[in-house]
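These are my notebook entries on what I looked up in this structure, kept in the order in which I went through it.

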Amino acid sequence: MKIGGLQKLTLIDYPGKLACTVFLSGCNFRCSWCYSPELVLPEKIEGQPEVKRDVFFDFLEKRKGKIEGVVICGGEPLINEDLLQFAKKIKEKGFSVKVDTNGSRPEMLKALLKGKLLDYIAMDLKVPLNRYQEISRKKGEAEKIKESIEVVMGSGVDYEFRTTLVPEIHKKKDVSLMAEAIKGAEIYFLQNFFPEKTLEESFLARKPFTKKELEDFKKVAEPFVKKCKIR
Ligand code: SF4
């Protein structure tokens, strides 16, 4: 595991809690619109300074009583086998743990839940289940995503599903299929794409959706979930 970044305070990434965010390097997907190429592409990861684990845990120790939670995100944090020990140590220090995941590692998700190491799960739906081969070279990814959806919804911990909507990638039909895949979910966030930094440079030229287009996507998703919000 390599800690590729640390945001010492976030008021928005952990619903209802003051938190810090720890960014773990490495990802098994290649979403062209990804905002964090420095945490995904091996050649860029190499050039990223590492936050040593001791430094991170010393920081946490000093934040006791000041922040309540730790957001573990990436990259894809669940590809790290040592995530279990890492999350355990955070919990032992008295912090709540939120994990952000692309849903490709249901086994790790189950192990974390079994260890009572998670308090909040945010799972991305990137594309409809039948299109995951566009962002992953591995076969059978859709089955893993489907399994993770079931694990998340049955976990008993707070959760959200979310999708970053990208022009030319997502159409109404795609939003409908994604919402259907999480039918009955507590909450589904739709997020607009912002072309500031992307894995594939050509995506920087794409214009975000308009407010009206986002509202239309929301109308498509709403019937499938308990709450759908634009964020
Ligand atoms: S958007 Fe998320 S899942 Fe996709 S490449 Fe970036 S870090 Fe990985």
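This is a predicted model: local features need pLDDT of at least 70, side-chain atom pairs count only at pLDDT 80 or more; totals for chains, interfaces and linings use all residues.

Lys-212 forms a salt bridge with Asp-216, and the closest N and O atoms of the pair are 2.8 Å apart. Both residues belong to helix 7 and are 4 residues apart, so about one helical turn separates them. I then looked up the accessibility of Asp-216 and found 18%, which counts as buried because it falls under the 20% cut-off.

Asp-216 also meets the side chain of Lys-219 in a salt bridge, where I noted an N to O distance of 4.0 Å. Here the two residues are 3 apart in helix 7, which again means a separation of about one helical turn. Lys-219 has a relative accessible area of 57% and is exposed.

**Salt bridges elsewhere.** My search of the whole structure for salt bridges returned 22. One that I followed up is the contact between the side chains of Lys-197 and Glu-38, at 3.1 Å from N to O. This pair links distant parts of the chain, since Lys-197 sits in the loop between strand 7 and helix 7 while Glu-38 sits in the loop between strand 2 and helix 1 (42–47), 159 residues apart. Lys-197 is partly exposed at a relative accessible area of 39%, and Glu-38 is also partly exposed, with a value of 21%.

I also wrote down a network of salt bridges that links Lys-98, Asp-100, Asp-124, Lys-126, Glu-160, Arg-162 and Arg-231.

**Helix packing.** Which angle do helix 6 and helix 7 make where they pack? I found about 40° between helix 6 (residues 172–181) and helix 7 (residues 211–221), with their axes 8 Å apart. The two helices are therefore oblique to each other, because roughly parallel would require an angle under 35 degrees. Helix 6 passes helix 7 in a right-handed crossing.

For comparison I looked up helix 2 (residues 53–63) and helix 3, which pack at an angle of about 20° with their axes 11 Å apart. That angle makes helix 2 roughly parallel to helix 3. The crossing of helix 2 past helix 3 is right-handed.

**Backbone geometry in the loops.** Next I went through the backbone angles, beginning with a cis peptide bond that joins Gly-74 and Gly-75, for which omega is about 15°. Gly-75 lies in the loop between strand 3 (69–73) and helix 3 (83–92).

For Lys-116, I noted a phi near 55°, and its place is the loop between helix 4 (106–114) and strand 5 (120–124). Lys-116 counts as exposed, with a relative accessibility of 68%. For Glu-168, phi is positive at about 75°, and this residue is found in the loop between strand 6 (158–165) and helix 6. Glu-168 likewise counts as exposed, at 60% relative accessibility.

**A nonpolar patch on the surface.** My last entry concerns a nonpolar surface patch of about 430 Å², made by Leu-9, Leu-11, Ile-12 and Leu-18. With a relative accessibility of 74%, Ile-12 counts as exposed.

Note on methods
Residues are numbered from 1 along each chain as its sequence is written. Side-chain values use heavy atoms; hydrogens and water are left out. Patches are made of residues with over 30% relative accessible area and no salt bridge: like charges are joined within 9 Å, nonpolar side chains (Val, Leu, Ile, Met, Phe, Trp, Tyr) within 5 Å. Accessible areas come from the Shrake-Rupley method with a 1.4 Å probe; for residues, only the protein chains shown count as cover. Buried means under 20% relative accessible area, exposed over 50%, partly exposed in between (1.4 Å probe, protein chains only). Axes are lines fitted to C-alpha atoms, for helices over the stretch in contact, and angles run from 0 to 180 degrees between N-to-C directions. Angles under 35 degrees count as roughly parallel, over 145 as roughly antiparallel, 65 to 115 as roughly perpendicular and the rest as oblique. A crossing is left-handed if the near helix is turned anticlockwise from the far one by less than a right angle, and right-handed if clockwise.
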